[in-house]
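Hi,

Here is the structure I promised to pass on.

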There are 2 protein chains.
Amino acid sequence: MKKRAAPAAASITVTVDLHERSYPIIIGHGTLEQIGPLVAAKLKARRAAVVTNPIVGKLYGRRVATSLQQAGCEVVSVQIPDGEEHKNLASLSRVYDRLLRQRIDRDSPIIALGGGIIGDLTGFAAATLLRGIPYAQVPTTLLAQVDSSVGGKTGINHPSGKNLIGAFYQPRLVLIDVGTLQTLPRREVLAGLVEVIKYGVILDPNLFALIERDLDRIIALDSDLLRDVVAQCCRLKAMVVARDEREADYRSILNFGHTLGHAVESLTAYKRYLHGEAVAIGMAFALQLSTIRGYCERATMQRVIELLKRAGLPVEIPPKLRGEQLASAIESDKKMASGKVKFVCLERLGQTRFEYLTSEEIAAVAAQYINVGGQ
Amino acid sequence: MKKRAAPAAASITVTVDLHERSYPIIIGHGTLEQIGPLVAAKLKARRAAVVTNPIVGKLYGRRVATSLQQAGCEVVSVQIPDGEEHKNLASLSRVYDRLLRQRIDRDSPIIALGGGIIGDLTGFAAATLLRGIPYAQVPTTLLAQVDSSVGGKTGINHPSGKNLIGAFYQPRLVLIDVGTLQTLPRREVLAGLVEVIKYGVILDPNLFALIERDLDRIIALDSDLLRDVVAQCCRLKAMVVARDEREADYRSILNFGHTLGHAVESLTAYKRYLHGEAVAIGMAFALQLSTIRGYCERATMQRVIELLKRAGLPVEIPPKLRGEQLASAIESDKKMASGKVKFVCLERLGQTRFEYLTSEEIAAVAAQYINVGGQ
């Protein structure tokens with residue numbers, strides 16, 4: 001008898017429509033135990049590998065493995081140490097070694113159980129083992145549930161920069177159990193919430209209004225509300241990815257707040273801010289830039305910044321980073337092309353525009369940055 | 001003034017038809033100097049990286065770099081030591097390091113200048129740098145010109161086996177200069193010729209008859225004849241790849257002779273035979289198996305084996321490899337699925353059939369192997 005059977009009726013399925021590469025995202029509470037039946041039915045697998053980290057493995061590894069075994073799958077496990085510094089070639093090599101020595105074949109899917117680091121690295125391993133084997137994402141952080149587990153961006157970091165080695169490779173399945181957020185540190189919940197707010201800002205004024213209204217219930221991890229909010233974020237991301245899978249153009253609206261966010265992360269050596277926190281600073285900045293250049297009303301900027309602040313998120317660039325350093329960090333971002341950065345501006349909630357700016361133009365706005373923290 | 005201007009009128013263009021991923025193969029003599037204009041025109045690049053090995057680099061690196069520079073491209077070079085044992089994660093990491101430190105971007109193509117090892121490794125680096133950047137193949141061995149440079153199979157080896165890490169990733173351009181074969185060791189020319197003969201056997205009786213008739217002129221490296229033969233092989237490979245890019249089924253006819261060939265290579269630690277030589281043994285074996293099982297006439301088997309022998313190629317499995325060892329080596333091949341090997345048999349020249357056999361069934365035929373070497 002299963003102890004925590006999934007209330008199947010309460011889960012939501014969103015489809016990422018990519019023709020022969022289409023796949024479902026299943027979002028619910030207590031859905032973790034569905035992994036076995038899903039892998040057995042959808043991927044017809046008799047063996048599966050689970051890649052996770054020691055923390056998530058300890059919390060959820062057993063439930064996932066048991067579910068797979070009960071569905072008739074033999075399970076091979078690999079653990080990668082937790083932390084961005086382990087999203088590298090050495091960890092990838094460890095996954096290769098373990099899975100190849102266990103004679104993984106093209107019919108044995110890999111399950112990524114964890115946050116964005118585990119998801120990105122596992123997806124890349126799946127993309128490159130035997131020239132591509134199936135994989136499933138089981139994201140356990142809010143950031144991974146609403147962003148990195150959907151859309152097929154996989155990869156690892158290099159000493160020269162983040163995500164410089166990777167591939168576009170879609171999973172066959174994303175299984176989201178918002179119950180796993182109960183064990184996520186509050187700071188990481190809030191950092192993940194930044195991407196939720198981002199979807200509201202750039203794509204969905206109704207979602208934005210819902211977060212404004214129900215912020216406290218979201219932060220208190222109300223299960224049904226979380227499920228609905230995560231599902232709506234997945235719908236929005238699925239729509240963007242279906243329209244522009246390989247980021248030829250449109251998909252880069254998801255970089256809203258990320259140009260400056262990445263620069264701030266890089267200049268603080270990825271230590272001071274979580275990714276989402278740096279993106280919160282970057283979003284506040286993108287709104288300022290949009291307002292200063294006359295694309296966006298001041299009231300909209302203030303409304304978004306107010307919500308970020310209510311959630312306890314940082315919104316100011318540290319004063320010492322506002323000069324040439326920032327320009328140089330923006331320039332070294334891989335999204336730079338022919339001397340200009342494609343910068344995502346906001347016109348109004350749900351409406352963005354791309355501007356091609358030099359890093360100096362961006363840094364100049366940072367220099368005249370308004371003290372938004374104290375408003 | 002260029003010393004060795006390419007006689008453009010004499011080159012042949014074959015198109016690999018893969019919709020938006022289609023690309024040309026340009027085959028000629030003295031075509032190496034076209035790389036600069038082609039990269040500048042077709043890829044609109046202002047920077048390009050050239051990956052090669054010390055031997056090929058010394059012979060042709062300067063000509064390729066000069067051509068690229070004259071076409072307005074800045075050139076970054078990387079060398080990988082020669083040899084199958086260097087087609088690994090360490091060499092890949094070296095390519096990543098060098099190109100990322102040189103700030104390669106999505107508009108800077110990589111040129112693979114060399115044989116199959118350089119081509120496979122470079123193609124995989126291109127597939128995975130910045131989630132995919134353009135690359136061009138400039139193959140300098142007969143094997144690479146007729147086989148590995150066309151079709152987008154990229155990858156590296158792992159201690160557990162060959163090509164276990166990789167991706168399907170098509171080049172934007174293949175530029176073949178049959179003039180480079182003049183500096184190729186004769187043994188490697190003959191090993192490459194095995195794949196040429198293979199195309200004749202499995203797909204094109206006319207090509208087979210041409211090789212029978214003109215074997216001596218081919219081995220003497222007659223330029224016009226080589227160009228025509230290589231072009232015909234590229235046409236045949238392009239046709240197969242266009243029909244089944246990711247080897248769902250049909251493309252595996254190209255594995256004719258490879259099931260046993262790989263086993264023989266592996267059991268002799270990749271030292272005794274070149275890949276093509278092992279495939280010659282594998283082809284002779286596949287013909288024997290096809291004849292013993294009644295699919296193929298004995299005369300056809302003898303005709304093909306005779307041609308391989310005339311070219312000085314090995315056709316016999318070393319006697320000590322005919323037992324369980326062989327079965328076990330076949331089993332560890334990655335193409336194994338649910339206990340059976342998809343074995344490519346011949347019915348007649350130009351007509352193959354797939355048979356699903358256990359490794360024991362295959363090894364049993366090897367045990368009753370006829371002494372073909374002495375016929």
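Which residues of helix H13 (residues 359-367) of chain B are buried? They are Ser359(B), Ile362(B), Ala363(B), Val365(B) and Ala366(B). Looking down the axis of H13(B), these buried residues fall within an arc of 155 degrees, so they line one face of the helix. The arc is taken from the directions that run from the helix axis to the C-beta atoms. Buried here means under 20% relative accessible area, exposed means over 50%, and partly exposed is in between (1.4 Å probe, protein chains only). As for what they pack against, the buried residues of H13(B) meet helix H10 (275-292), helix H12 (324-331), strand S10 (341-348) and strand S11 (351-357) of chain B. Contact means heavy atoms within 4.5 Å, and helices (H or I, at least four residues) and strands (E, at least two) are DSSP runs numbered from the N terminus.

Before going on, some housekeeping. This is a predicted model, where local features need pLDDT of at least 70 and side-chain atom pairs count only at pLDDT 80 or more, while totals for chains, interfaces and linings use all residues. Residues are numbered from 1 along each chain as its sequence is written, chains are lettered from A and ligands numbered from 1 in the order in which they are written, and side-chain values use heavy atoms, with hydrogens and water left out.

Now the two chains. A rotation of 180 degrees with 0.0 Å of shift along its axis puts chain B on chain A, with an RMSD of 0.0 Å. The two copies are thus related as by a two-fold rotation axis. Both copies use the same surface, as 100% of the contact residues of chain B recur in chain A. The superposition is by least squares on the C-alpha atoms of residues with pLDDT of at least 70 in both copies.

Next, a helix pair in chain B. The axes of helix H7 (residues 205-219) and helix H8 (residues 223-243) of chain B come within 11 Å and cross at roughly 150 degrees. Those axes are lines fitted to C-alpha atoms, for helices over the stretch in contact, with angles running from 0 to 180 degrees between N-to-C directions. H7(B) contributes Leu207(B), Leu210(B), Asp214(B), Arg217(B) and Ile218(B) to the contact, and H8(B) contributes Leu225(B), Leu226(B), Val229(B), Gln232(B), Cys233(B) and Leu236(B). By class, the contact of H7(B) with H8(B) has eight nonpolar, one polar and two charged residues. For those classes, Ala, Val, Leu, Ile, Met, Phe, Trp, Tyr, Cys and Pro count as nonpolar, Asp, Glu, Lys and Arg as charged, and the others, Gly among them, as polar.

Leu207(B), in helix H7 of chain B, counts as buried at 4% relative accessibility. Leaving aside neighbours within four places in sequence, Leu207(B) is in contact with Val196(B), Tyr199(B), Gly200(B), Val229(B), Gln232(B), Cys233(B) and Leu236(B).

Leu260(B) is another one to click on. It sits in helix H9 (residues 258-267) of chain B and is buried, with a relative accessible area of 1%. Not counting residues up to four places away in sequence, Leu260(B) touches Ile281(B), Gly282(B), Phe285(B), Ile317(B) and Leu326(B).

What about helix H1 (residues 35-43) of chain B? Its buried residues are Ile35(B), Gly36(B), Leu38(B), Val39(B) and Leu43(B). They pack against strand S2 (23-28), helix H2 (54-70), strand S5 (110-114), strand S6 (135-139) and strand S9 (173-177) of chain B. Just after H1(B), Lys44(B) takes a positive phi of about 50 degrees.

Most residues other than glycine have a negative phi. His19(B) is not a glycine, yet has a positive phi of about 55 degrees. His19(B) is in the loop between strand S1 (12-16) and S2 of chain B, and is exposed, with a relative accessible area of 66%. Leu18(B), in the loop between S1 and S2 of chain B, is buried, with a relative accessible area of 4%. In chain A, Glu247(A) has a positive phi near 55 degrees, in the loop between helix H8 (223-243) and helix H9 (258-267).

Cheers
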